[in-house]
Amino acid sequence: MMSAGLTSLMGLAEFGAEHPVSIGILMTAVTVIEHSLFMALITWLLLLLERHTRVQLGFDTSKPIRSFLINVSVMTGVVVLAMISHLSQISTWALLFYWGGQFEDYNISFYHSAVNYTTLGYGDIVMAWPWNVLGAIEAGNGVLMFGVSTAIIFALVTQVFNLGRPHGT
């Protein structure tokens with residue numbers, strides 16, 4: 001006897017085969033929400049750090065080594081969190097492909113999803129028609145999400161360079 005969860009996952013395979021674009025749009029929405037939560041976390045942590053460094057750490061460009069270490073630490077933290085966000089989204093897509101019956105092994109599903117999401121496009125593993133349409137949608141989703149991460153990192157760099165300057169300069 002099959003569990004209710006497994007039965008619904010089997011229904012996902014049928015629904016995905018009939019409506020791949022709808023599934024792709026839904027997955028894009030899910031991953032945008034997922035990415036937004038990570039970016040909100042990064043922003044919140046940066047606001048806490050900004051308050052902390054101005055009051056307790058005494059962020060001061062007259063101390064270049066200290067400033068450099070703070071800047072590198074912050075940038076590293078932001079990039080690592082952004083990467084975790086992307087890996088989480090790749091995992092979300094991989095689960096869809098795995099649960100949709102496109103791959104028997106989750107690791108292969110994850111690899112395929114990573115190739116799609118990053119637009120690497122090896123083409124060594126492909127999904128069956130019409131599921132393969134989701135590969136293109138995932139690639140577009142990945143490009144957009146990497147763009148959002150880039151914007152956050154750019155904003156961080158701008159903020160870090162402005163922290164040590166007097167206001168109005």
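**A buried glutamate and its surroundings**

At 0% relative accessibility, Glu138 counts as buried; buried means under 20% relative accessible area, exposed over 50%, and partly exposed in between, with a 1.4 Å probe and protein chains only. This is a predicted model: local features need pLDDT of at least 70, side-chain atom pairs count only at pLDDT 80 or more, and totals for chains, interfaces and linings use all residues. Residues are numbered from 1 along each chain as its sequence is written, and side-chain values use heavy atoms, with hydrogens and water left out.

Glu138 sits in helix H5. Helices here are DSSP runs of H or I with at least four residues, strands are E runs of at least two, and both are numbered from the N terminus. Which residues does Glu138 touch, not counting those up to four places away in sequence? They are Trp93, Phe97, Ser113, Asn116 and Tyr117. Contact means heavy atoms within 4.5 Å.

Ser113, Asn116 and Tyr117 are among the buried residues of H4. Ser109, His112 and Val115 are also buried there. H4 covers residues 106-117 and has twelve residues. Its first and last C-alpha atoms are 16 Å apart, close to the 16 Å expected at 1.5 Å a residue. The expected span is 1.5 Å times one less than the number of residues. Asp105 caps the N-terminal end of H4. One of its side-chain oxygens lies 3.1 Å from the backbone nitrogen of Asn107.

Thr119 follows H4 and is found in the loop between H4 and H5. Thr119 is not a glycine, yet its phi is positive, about 60 degrees. Is Thr119 partly exposed or buried? Thr119 is partly exposed, with a relative accessible area of 44%. Pro130 is found in that loop too, between H4 and helix H5 (133-163). A cis peptide bond joins Trp129 to Pro130, with omega about 0 degrees.

Now the core. In soluble globular proteins, nonpolar side chains tend to be buried together. A nonpolar core is a set of buried Ala, Val, Leu, Ile, Met, Phe, Trp, Tyr and Cys residues joined through side-chain atoms within 4.5 Å. The largest one has twelve residues, including Trp93, Phe97 and Tyr117. Those three residues also touch Glu138. Helix H2 (20-57), helix H3 (64-99) and H5 are the elements that give two or more residues to this core. H3 gives the most, with four.

Notes. Polar contact = N/O pair within 3.5 Å; in protein donor to acceptor, adjacent residues only side chain to side chain.
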